[in-house]
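Here are my notes on this one, written while I had the model open. Have a look at it yourself before you read on.

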Amino acid sequence: MRNPRRAYNRDGTMIQPETVGNHAANGLHRVQIYCHTCGHSKAGIDVSHLPPETAIPDICLRYRCSQCGGKNLMSRGCSNEFYARFEAGGKKKDASA
Ligand SMILES: [Zn+2]
């Protein structure tokens, strides 16, 4: 069975998610969490205290929506932080790993 918090290639192999560790290696320490139930979202959540092997999409499991109390959440890298860093003159990196 597929994990709903993972992306899969066309051939069905799981794509390794970003982790707190490789997020931090890019100078990023924050995520944003969305609630699928009510649409509430919160950005700028500091995750630098979490173990480096924690998958970014799994961070939402630790949270509950502050607005509706729901657990149907989604977490991803905080785009505000990403763009702030990018605009600050961060070098453009190749997307290939
Ligand atoms: Zn909610």
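How many bridges join β3 to strand β4 (residues 41-46), and do the two run parallel or antiparallel? There are four bridges, and the strands run antiparallel.

1. Some ground rules. The model is predicted, so to speak of local features a pLDDT of at least 70 is needed, side-chain atom pairs count only at pLDDT 80 or more, and totals for chains, interfaces and linings use all residues. Numbering starts from 1 along each chain as its sequence is written.

2. The overall layout. The protein chain has two helices and five strands, and from the N terminus on its elements run β-β-α-β-β-β-α. Helices here are DSSP runs of H or I with at least four residues, strands are runs of E with at least two, and both are numbered from the N terminus. The C-alpha trace spans about 40 × 35 × 25 Å along its principal axes. Of the 97 residues, 13% count as buried (20 or more other C-beta atoms within 10 Å of a residue's own; exposed is 12 or fewer, partly exposed is in between, and C-beta atoms are placed from the backbone).

3. The sheet. Three strands make an open, antiparallel sheet in the order β4-β3-β5, where pairing takes at least two DSSP bridges between two strands. β4 and β5 are the edge strands, each pairing on one side only. On average, neighbouring strands are turned by 25 degrees against each other, direction ignored. Helix α2 (residues 79-87) packs on this sheet and touches β3, β4 and β5, its direction making about 60 degrees with that of β4. For such angles, axes are lines fitted to C-alpha atoms, for helices over the stretch in contact, and values run from 0 to 180 degrees between N-to-C directions.

4. On the β4 side, Val31 has Ile45 as its bridge partner, Ile33 has Lys42, and Tyr34 stands opposite Ser41. On the β5 side, five bridges join the antiparallel strands, and Gln32 stands opposite Arg76. β3 and β4 form a hairpin with five residues between them, and Gly39 in the turn has a positive phi of about 85 degrees.

5. β3 has a covered face of Val31, Ile33 and Cys35, while Arg30, Gln32 and Tyr34 make up its uncovered one. The largest nonpolar core has 11 residues, among them Val31, Ile33, Cys35, Cys65 and Leu73. Strand β3 (residues 30-35) gives the largest share, three residues. A core here is a set of buried Ala, Val, Leu, Ile, Met, Phe, Trp, Tyr and Cys residues joined through C-beta atoms within 7 Å. In soluble globular proteins, nonpolar side chains tend to be buried together.

6. Around Gly70. Gly70 sits in the loop between β4 and β5 (73-77). Is Gly70 buried or partly exposed? It counts as partly exposed because it has 14 C-beta neighbours inside 10 Å. Leaving aside neighbours within four places in sequence, Gly70 is in contact with Cys35, Thr37, Cys38 and Cys65 (contact means C-beta atoms, placed from the backbone, within 7 Å). Gly70 and His36 are 34 residues apart in sequence, yet their C-alpha atoms are 8.5 Å apart in space.

7. Across the chain, among contacts between residues at least 6 apart in sequence, 65% join residues at least 24 apart.

Definitions and conventions:
Contact = placed C-beta atoms within 7 Å.
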